[in-house]
Amino acid sequence: MKIAVLSGKGGTGKTTVATNLAYALHTSGKTIQLLDTDAEEPNSHIFFDVKYDYEESVQILLPVVDRNLCTHCQECAKACEFSAITVSSKYIMIFDNLCHGCGVCSMVCPVKAISEKPKDIGTIKLGITEEGIIFGEGIMNIGEPSPVRIIRQLKKHIDPNVDIVILDSPPGTSCPVIETINGTDFALLVTEPTPFGLHDLKLAIDATREFDIPIGVVLNRYDGSYKKIEEYLEKEDIPLLMTIPYDINIARDYSNGFLISKTQNYAQKFIDLFQRIEVIKKC
Ligand code: SF4
Ligand code: SF4
């Protein structure tokens with residue numbers, strides 16, 4: 001089963017859930033692969049001692065214009081969704097840092113003036129944690145516009161032989177999140193009991209509903225004082241699968257890079273969370 005751990009916004013505890021779920025399920029005897037697809041800021045590795053044994057670069061193809069052939073027709077600039085090309089009657093400019101390497105400009109050029117050159121945009125690193133969890137992460141180079149290619153390439157390393165793959169997604173609801181969810185079996189959304197948490201949870205649920213996969217929610221920093229998320233989930237018939245209390249000890253362990261499944265006997269709670277996911281998946 002492939003579980004995407006998502007959140008509508010950063011700082012809700014998504015990585016806490018992804019890493020603790022991976023560790024807890026590993027202790028229960030399952031084979032686990034944990035992939036950190038938050039390539040702009042991967043931090044799952046902080047909670048483990050990872051021995052990396054493989055690294056590969058991620059490249060996109062950047063357009064290069066042969067100015068002797070270019071007729072300044074502007075077809076490439078009109079076709080570029082990312083406004084990465086500007087053409088006037090005298091010049092043509094390509095903004096590498098806006099280019100997503102989609103190749104459309106070279107396809108539409110009527111005089112074949114555009115060729116392509118490879119550019120490194122990031123790295124995939126694979127390894128294994130000291131416990132035996134298969135681990136992978138994508139790391140985007142600073143200044144690149146999009147980690148989507150990195151996520152796509154990282155997901156090619158999904159191990160078909162493990163019991164459970166957990167993907168620690170980027171926050172938000174944009175293309176990198178959609179790329180992470182694509183092909184997974186369950187969307188586990190992590191939020192916090194605040195108006196901002198509710199607002200972003202709704203956006204994340206809307207994005208997830210584009211895919212035909214079941215959804216469940218984990219409510220982090222729960223103190224029972226803000227009920228609107230539970231009311232919303234009940235109205236939308238979305239299961240609340242786990243609450244993690246608002247607790248200074250949990251916050252302290254997180255900021256020290258410790259797993260609460262190890263330090264605070266939370267492993268069984270995360271195993272119970274997975275059992276609820278399994279039940280929903282079978283329905
Ligand atoms: S490769 Fe795509 S994103 Fe880059 S300049 Fe061409 S059309 Fe625009
Ligand atoms: S489509 Fe080709 S010919 Fe037209 S402006 Fe772009 S590079 Fe030049």
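Which residue in E8 does Ala4 stand opposite?

Modeller: Ala4 stands opposite Leu167 in E8. Before going on, note that this is a predicted model, in which local features need pLDDT of at least 70 and side-chain atom pairs count only at pLDDT 80 or more, while totals for chains, interfaces and linings use all residues. Residues are numbered from 1 along each chain as its sequence is written, and chains are lettered from A and ligands numbered from 1 in the order in which they are written.

Strands here are DSSP runs of E with at least two residues, helices are runs of H or I with at least four, and both are numbered from the N terminus. Two strands pair if DSSP finds at least two bridges between them. Strands of a sheet pair through backbone hydrogen bonds, either parallel or antiparallel.

E8 (residues 164-168) is also joined to E2, by five bridges, and these two strands run parallel. Within that pairing, Ile32 has Ile164 as its bridge partner. E2 is joined to strand E7 (residues 134-140) as well, through four bridges and again in parallel. There, Leu34 stands opposite Phe135.

E2 itself covers residues 32-36, and five of its five residues are buried, so the strand is largely enclosed by the rest of the structure. A residue is called buried if 20 or more other C-beta atoms lie within 10 Å of its own, exposed if 12 or fewer do, and partly exposed in between, with C-beta atoms placed from the backbone. In a regular strand the side chains alternate between the two faces of the sheet. In E2 both faces are covered: Ile32, Leu34 and Asp36 are buried on one side, and Gln33 and Leu35 are buried on the other.

The whole sheet is open and has nine strands, in the order E3-E6-E7-E2-E8-E1-E9-E10-E11, with mixed pairing. Its edge strands are E3 (50-65) and E11 (240-245), each of which pairs on one side only. From one strand to the next, the twist averages 20°. Helix H10 (residues 267-282) lies across E1, E9 (186-191), E10 (215-222) and E11, and runs at about 165° to E11. Such angles run from 0 to 180 degrees between N-to-C directions, and the axes are lines fitted to C-alpha atoms, for helices over the stretch in contact. Two residues are in contact if their C-beta atoms, placed from the backbone, lie within 7 Å.

Now for the setting of the sheet. The protein has ten helices and eleven strands, and 42% of its 283 residues count as buried. Among contacts between residues at least 6 apart in sequence, 75% join residues at least 24 apart. The C-alpha atoms fill a box of roughly 70 × 45 × 35 Å along the principal axes.

The protein is divided into domain 1 (2-48 + 131-282) and domain 2 (60-120), with bounds that come from an automatic or database domain assignment. The centres of the two domains, taken over C-alpha atoms, are separated by 38 Å. Five residues from domain 1 and five residues from domain 2 take part in the contact.

The two ligands come last. Ligand 1 has 14 residues around it, of which Cys80, Ala84, Cys99, Cys102 and Cys105 come nearest. A residue counts as near a molecule if its C-beta atom, placed from the backbone, lies within 6 Å of it. By class, the shell around ligand 1 has eleven nonpolar, three polar and no charged residues. Here Ala, Val, Leu, Ile, Met, Phe, Trp, Tyr, Cys and Pro count as nonpolar, Asp, Glu, Lys and Arg as charged, and the others, Gly among them, as polar. Around ligand 2 there are 14 residues, and Cys70, Cys73, Glu75, Cys76 and Cys109 come nearest. The shell of ligand 2 has ten nonpolar, three polar and one charged residues.
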